[in-house]
Amino acid sequence: MRAAGRSRTVAAAAAVITALVALAGCGAGTTAGGGSTDGTVTVFAAASLTESFTRIGRDFEATHPGTSVILNFAGSAALAAQINQGAPADVFASAATRNMTTVAEAGNADGDPVVFVRNQLVVAVPRGNPRGVAGLADLARPGVKVALCAEQVPCGAAARTALDAASVALTPVTLEQDVRGALSKVRLGEVDAALVYRTDALAATADVTAVEFPESARAVNDYPIVALRDPPNPDGARAFVAYVRSERGRAVLTGAGFQAP
């Protein structure tokens with residue numbers, strides 16, 4: 001009897017050890033469905049997501065050991081063009097639905113894109129607002145130098161919508177290819193103001209002041225995200241998208257000033 005009891009005890013212990021090993025394996029670069037996220041997850045993301053996705057990327061790596069996140073930030077139009085030209089990527093996060101649509105219509109999205117945050121424009125001026133800018137009309141005053149994004153990128157299209165809503169006509173001194181380019185012109189003192197996303201101005205409060213204006217409510221940008229078709233790391237792509245949309249991902253994004261969809 002004692003021998004049989006010992007055998008049952010050893011078998012039970014072995015079963016427990018096996019279960020613990022299996023559970024440990026699930027935490028090492030695996031998805032809820034059992035697929036492995038090990039390797040590199042390459043994410044193409046709008047420039048305005050730089051700080052948020054850098055933080056989310058680090059957090060994702062910490063919760064998926066064996067996985068490395070590579071982030072490529074640029075204007076959404078440029079990223080969409082790169083994807084449609086065959087650039088290897090796993091995930092695309094755009095600052096506007098228009099650029100995402102070009103990727104989806106080219107057959108390069110795995111499933112339907114989902115809006116995960118929204119963003120709104122502000123006027124970024126040098127800290128302290130030396131020109132006394134109070135709204136869009138002030139940007140058209142003589143001598144005020146303004147930077148805008150080019151209209152083919154989301155921040156430029158939103159700026160045009162807001163300016164038209166305010167019936168303000170102005171000629172910018174520069175048109176930038178992404179929102180960070182426009183913001184940098186203010187930070188470097190090359191312009192008096194720029195129309196940028198609220199989140200970008202919040203990330204640069206040491207150098208700029210954000211001026212809110214009512215017409216920005218007419219130009220709110222939806223940010224969609226999607227795993228790409230035939231990505232280098234399919235399980236990693238789906239897991240990253242899920243993480244961005246999770247409670248932890250949303251907390252990072254709303255903390256940076258993004259709005260819930």
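Mentor: Searching the whole structure turns up 1 cavity of 30 Å³ or more, where a cavity is a set of points on a 1 Å grid over the protein atoms alone at which a 1.4 Å probe fits but cannot get out, and lining residues have an atom within 4 Å of a point. The largest cavity holds about 60 Å³ of space, a volume being the space filled by probe spheres set on the points, which are joined across faces, edges and corners. It is lined by 14 residues, of which Gly75, Ala95, Pro154, Val179 and Tyr197 are the closest to its centre. This is a predicted model, in which local features need pLDDT of at least 70 and side-chain atom pairs count only at pLDDT 80 or more, while totals for chains, interfaces and linings use all residues. Residues are numbered from 1 along each chain as its sequence is written, and side-chain values use heavy atoms, with hydrogens and water left out.

Turning to the sheet, 5 strands form an open, mixed arrangement in the order β7-β6-β8-β5-β9; strands (E, at least two residues) are DSSP runs numbered from the N terminus, as are helices (H or I, at least four), and two strands pair if DSSP finds at least two bridges between them. β7 (174-176) and β9 (208-211) each have a single partner strand, so one side of each is left without a neighbour in the sheet. Within it, β5 (residues 121-126) and β8 (residues 193-197) pair in the antiparallel sense over 4 bridges, and Ala124 has Ala194 in β8 as its bridge partner.

Terms used. 1 Å grid on protein atoms, 1.4 Å probe; cavity = no way out; pocket = protein on both sides within 12 Å on 5 of 7 lines; lining within 4 Å.
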